[in-house]
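Here is a friendly walk through one protein model, written for someone who likes to look at geometry in detail. Have the viewer open as you read.

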Amino acid sequence: MIRMPRLPRRALLATPLAGALAAPATAQAARVMRFVPQADVTVLDPLWSTAFVSRNHAYLVYDTLYGTDAEFRAQPQMAEGHVVEDDGRTWTITLRPNLRFHDGEPVRAADAVASLRRWGARDPFGQALFAATDELSALDDRRLRFRLKAPFPLLPAALGKTTVTVPFIMPERLARTDAATQVSEIVGSGPYRFVANERVAGARTVYAKFDGYVPREGGTPSFTAGPKVAHLDRVEWVVMPDGATAAAALQAGEVDWWEQAVTDLLPVLRRHRQVEVKTLETTGFIGFLRFNHLQPPFNNPAVRRAVLGAINQSDFMQAIVGNNPELWRGDVGVFTPGTPLASNEGLAPLTGPRDPAAVRRALAAAGYNNERVALIVPTDLPFLRAMSEVGADAFRRIGLNVDYQALDWGTVLQRRTSREPVERGGWSAFFTFGGGLDFASPAGHLGLRGNGTNGWIGWPDSPALEALRQEWFSAPDLAAQQAIGRRIQAQAMQDVPMIPLGQYFLATAHRRNVTDMLSGMPLFWNVKKG
């Protein structure tokens with residue numbers, strides 16, 4: 001097992017950063033939040049990337065028709081409410097009054113329609129909704145209507161989903177941008193606006209309170225539902241790839257919040273009287289291995305099945321969060337542990353005894369002929385680098401010809417969209433993670449789609465998985481959904497669109513004068529800084 005090197009003790013001291021951060025003026029300090037994100041937000045268009053950092057950025061800038069509360073129930077957000085008619089085949093949604101975009105223009109139903117259509121072209125849940133839709137239209141400035149081919153009771157859940165990609169609403173003029181092209185401006189109607197002229201790629205992203213934002217009246221803030229009240233004048237995302245630097249800045253009070261504190265540094269942070277360590281995302285994260293299904297050697301399902309036998313989930317999890325059994329789980333299938341669809345159906349090839357020699361024989365029988373495996377690895381995200389190092393070692397032990405390509409995260413995001421062969425700058429595999437919510441059901445589970453080049457990066461083609469997914473949407477009750485979930489997992493162990501590597505939980509760390517943070521993900525409404 002490969003472990004990440006521990007940082008020297010002297011690197012953990014809370015010393016000033018020699019002017020690397022300019023602290024805000026004292027009178028303004030309580031209204032400015034300095035946040036260290038997991039990585040730089042290299043993709044600003046919320047629909048163009050499935051990176052969590054892009055989603056988290058977008059929740060400051062944009063709003064959604066529906067939110068999701070802490071009990072995972074969809075609640076109206078930009079929507080005032082809806083009326084369902086025609087035995088569930090017609091949904092009319094009315095927008096709240098006085099909603100405005102950051103450019104001063106009113107939010108209209110036409111903006112929502114265009115935004116949802118663009119989202120529906122990329123998102124798995126959106127694709128399912130639009131497959132069931134005959135027509136989506138704006139009736140007037142405040143009302144939009146879905147006319148459905150058949151009832152789709154999960155419609156509010158789709159429009160309020162929090163997993164990537166989220167159906168954020170943007171102006172029609174931008175939402176008409178092709179879904180495969182990034183929008184030219186970042187203009188939303190959320191509680192904060194993007195300050196474009198202060199953006200420094202690789203270093204800083206700035207958001208300012210949008211004074212024209214109208215929070216929902218009544219209710220209690222809960223995850224992405226309820227009133228979104230911005231108590232901060234300014235939010236600054238400060239990129240710090242080095243964990244020791246981020247830890248020192250947090251202890252010195254030069255930053256207020258570190259999104260993903262490195263596990264090795266948690267004991268030091270917990271001992272600091274002005275720092276609090278907690279878990280925000282209670283469903284955790286699921287690590288997984290993603291293949292390029294278009295290019296050799298992983299276009300061969302027998303090769304992918306053979307690799308199942310090389311994966312030891314505990315190695316991957318302990319490389320990320322250490323030996324503490326409270327921070328990770330093994331024997332994890334394609335659905336998040338603790339959620340209704342989780343089971344052990346068909347997991348024997350993944351969880352049985354590990355035998356590298358047997359895997360070598362299986363690879364030879366599958367026709368593997370020493371093809372180069374281009375493994376793309378982000379060096380500036382410690383958790384992904386840790387998984388990648390463990391995975392590269394496992395690949396070598398079973399005889400794969402590994403080309404370990406160390407890149408920055410932004411380059412990985414660009415590179416993995418390539419469908420070219422390895423010899424022309426393509427790729428073969430990468431290690432990444434999804435949120436526990438993403439993996440809780442087939443609705444938003446990018447890793448389980450089998451719709452080929454219309455699907456997420458990796459582009460697996462599995463008609464059987466697609467048929468089971470559609471069957472799940474029509475299931476009449478939870479028991480039927482669970483039965484289909486077991487069949488989906490068994491099929492996934494045959495087609496191997498991805499390989500789950502286990503579930504883990506990450507800590508966030510913040511100064512104690514930061515209060516009223518909401519659980520689920522880094523959200524910047526409701527939070528206060530004293």
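P297 sits in the loop between β13 (285-291) and α9 (301-308). The peptide bond leading from P296 into P297 is cis, its omega lying near 5 degrees. This is a predicted model, so please take every value here as computed from predicted coordinates. T165 belongs to the loop between α5 (155-159) and α6 (172-175).

Such spots deserve a look, because most residues other than glycine have a negative phi, and most peptide bonds are trans.

| Residue | Phi | Location |
|---|---|---|
| D86 | near 55 degrees | hairpin of β4 and β5 |
| D87 | about 55 degrees | loop between β4 and β5 |

Is D87 buried or exposed? With a relative accessibility of 66%, D87 counts as exposed. V496, in contrast, has a relative accessible area of 0% and is buried.

Strand β4 (residues 79-85) pairs with strand β5 (residues 90-95) in the antiparallel sense, over six bridges, and four residues lie between the strands. Within this pairing, V83 has T92 of β5 as its bridge partner.

## The seven-stranded sheet

Which order do the strands of the open sheet take? The seven strands run β8-β9-β10-β1-β11-β19-β12, and their pairing is mixed. β8 (192-194) and β12 (275-278) each have a single partner strand, so these edge strands are left with one side that has no neighbour in the sheet. Helix α2 (residues 52-61) packs on the sheet, where α2 touches β8, β9 (204-209) and β10, and its direction makes about 165 degrees with that of β10.

Strands β1 (residues 32-36) and β10 (residues 234-238) run parallel and are joined by four bridges. In this pair, F35 is opposite W237 of β10.

H510 is part of strand β19 (residues 508-511). H510 is buried, its relative accessible area being 0%. Its side chain reaches the backbone oxygen of V514 at 3.5 Å. Beyond four places in sequence, the contacts of H510 include D256, W257, E276 and K278.

## Cores and a buried glycine

The largest nonpolar core has 145 residues, and those touching the most other members are L65, L144, F146, L159, L289, I499 and Y504. Helix α13 (residues 382-397) supplies the largest share of this core, seven residues. There is also a second, separate core of 18 residues, with A246, L266, L269 and A509 among them.

G243 lies in helix α7 (residues 243-251). G243 counts as buried because its relative accessibility is 10%, under the 20% cut-off. Leaving out residues up to four places away in sequence, G243 touches W258, V262 and L265. The C-alpha atoms of G243 and A201 are 19 Å apart, and the two residues are separated by 42 residues along the chain.

## Where to be careful

The average pLDDT of the protein is 92, and 94% of the residues score at least 70. Over residues 1-20, however, pLDDT stays under 50, and the model has 39 contacts beyond four places in sequence for that stretch. Residues 22-27 also stay under 50, with five such contacts. Where pLDDT is low, the predicted coordinates should not be read in detail.

Terms used. Residues are numbered from 1 along each chain as its sequence is written. This is a predicted model: local features need pLDDT of at least 70, side-chain atom pairs count only at pLDDT 80 or more; totals for chains, interfaces and linings use all residues. Side-chain values use heavy atoms; hydrogens and water are left out. Helices (H or I, at least four residues) and strands (E, at least two) are DSSP runs, numbered from the N terminus. Buried means under 20% relative accessible area, exposed over 50%, partly exposed in between (1.4 Å probe, protein chains only). A polar contact is a pair of N or O atoms within 3.5 Å; within protein, one must be able to donate a hydrogen and the other to accept it, and residues adjacent in sequence count only if both atoms are side-chain atoms. Contact means heavy atoms within 4.5 Å. A nonpolar core is a set of buried Ala, Val, Leu, Ile, Met, Phe, Trp, Tyr and Cys residues joined through side-chain atoms within 4.5 Å. Two strands pair if DSSP finds at least two bridges between them. pLDDT is the predictor's confidence in each residue, from 0 to 100. Axes are lines fitted to C-alpha atoms, for helices over the stretch in contact, and angles run from 0 to 180 degrees between N-to-C directions.
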